Amino acid sequence: MYGKRRFNGVPFFEPVQEILAHYSCPSTCPAICCKIADINLDEEDLKLLRQAPKYKADKIESWNEDGKHYYKMNPPCPFLDLDKCSVYDHRPAMCRMFPFNISIESDVLLLFPCDMGSSIFGDYVQYSYSILKQPVPEKTINSFEESHCSFENRLNEGLPIPMLAFKPGNLIPFEEYLKARNV
Ligand code: SF4
Ligand code: SF4
């Protein structure tokens, strides 16, 4: 639920939502994505968050740079309550994209190797093999699986987590594949 909030300006937002509708986070995941990285916000995110009953302005960090306002929440997210989002219906665009992530530097879409990311990746490997006829290279599969398996250790040790660069042009056909397979 996000009322009249428009996410048109968020790159890849709509096709990512279509894909995520085929998946759900396992109940065993302790909301890792809410604990590891800054959550960047824009003005639209702030407008939405302010409507949340549990919103607290002092949880948002803001600064000016080159005449622009920037906002973010530091990890672990201050709105995380017992591993549940206390502002779920009002959560920012970035949260709605998990486990996809947009690389700010290059506008590249990345897939995070958490449990849900791993499920998406598994289906994507099948899609590439059976529909694109362009199998995902063995090296990429092994590297993603290694990232998934070592995920928690890396987090605990504060090491960077390798992510998969997801080709945006494949988002819509991949979602059509999922729909046809009734995933
Ligand atoms: S998106 Fe990934 S890390 Fe976040 S709650 Fe779901 S499974 Fe866990
Ligand atoms: S706003 Fe909610 S979904 Fe987003 S990081 Fe915070 S707790 Fe997680």
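Q: What stands opposite W63 in β3 of this predicted model?
A: The residue opposite W63 is Y70.

Q: How do you know that β2 and β3 pair?
A: Two strands pair if DSSP finds at least two bridges between them. β2 and β3 (residues 68-73) have five bridges, in the antiparallel sense, so they count as paired.

Q: Why are β1 and β2 (61-65) said to stand at the edges?
A: The open sheet has three strands in the order β1-β3-β2, with antiparallel pairing. β1 and β2 each have a single partner strand, so one side of each has no neighbour in the sheet. Neighbouring strands are turned by 30° against each other on average, direction ignored.

Q: What makes the 31 residues a nonpolar core?
A: Such a core consists of buried nonpolar residues joined through C-beta atoms within 7 Å. The largest set of this kind has 31 residues, and M97, F100, L111, I120 and F121 have the most contacts inside it. Its largest share, five residues, comes from α4.

Q: Which residues does L111 touch, not counting those up to four places away in sequence?
A: Contact requires C-beta atoms within 7 Å. L111 touches P99, F100, G117, I120, F121, M163, L164 and F166.

Q: How do the residues around ligand 2 divide by class?
A: Eight are nonpolar, none is polar and one is charged. Arg counts as charged, and R91 is one of the residues surrounding ligand 2.

How values were computed
Residues numbered from 1 in each chain as written. Chains lettered and ligands numbered in written order. Predicted model: local features only at pLDDT ≥ 70, side-chain atom pairs only at ≥ 80, totals over all residues. Buried ≥ 20, exposed ≤ 12 C-beta atoms within 10 Å, placed from the backbone. Helix = DSSP H or I, 4+ residues; strand = E, 2+ residues; numbered from the N terminus. Contact = placed C-beta atoms within 7 Å. Near = placed C-beta within 6 Å. Axes fitted to C-alpha atoms, helices over the stretch in contact; angles between N-to-C directions.
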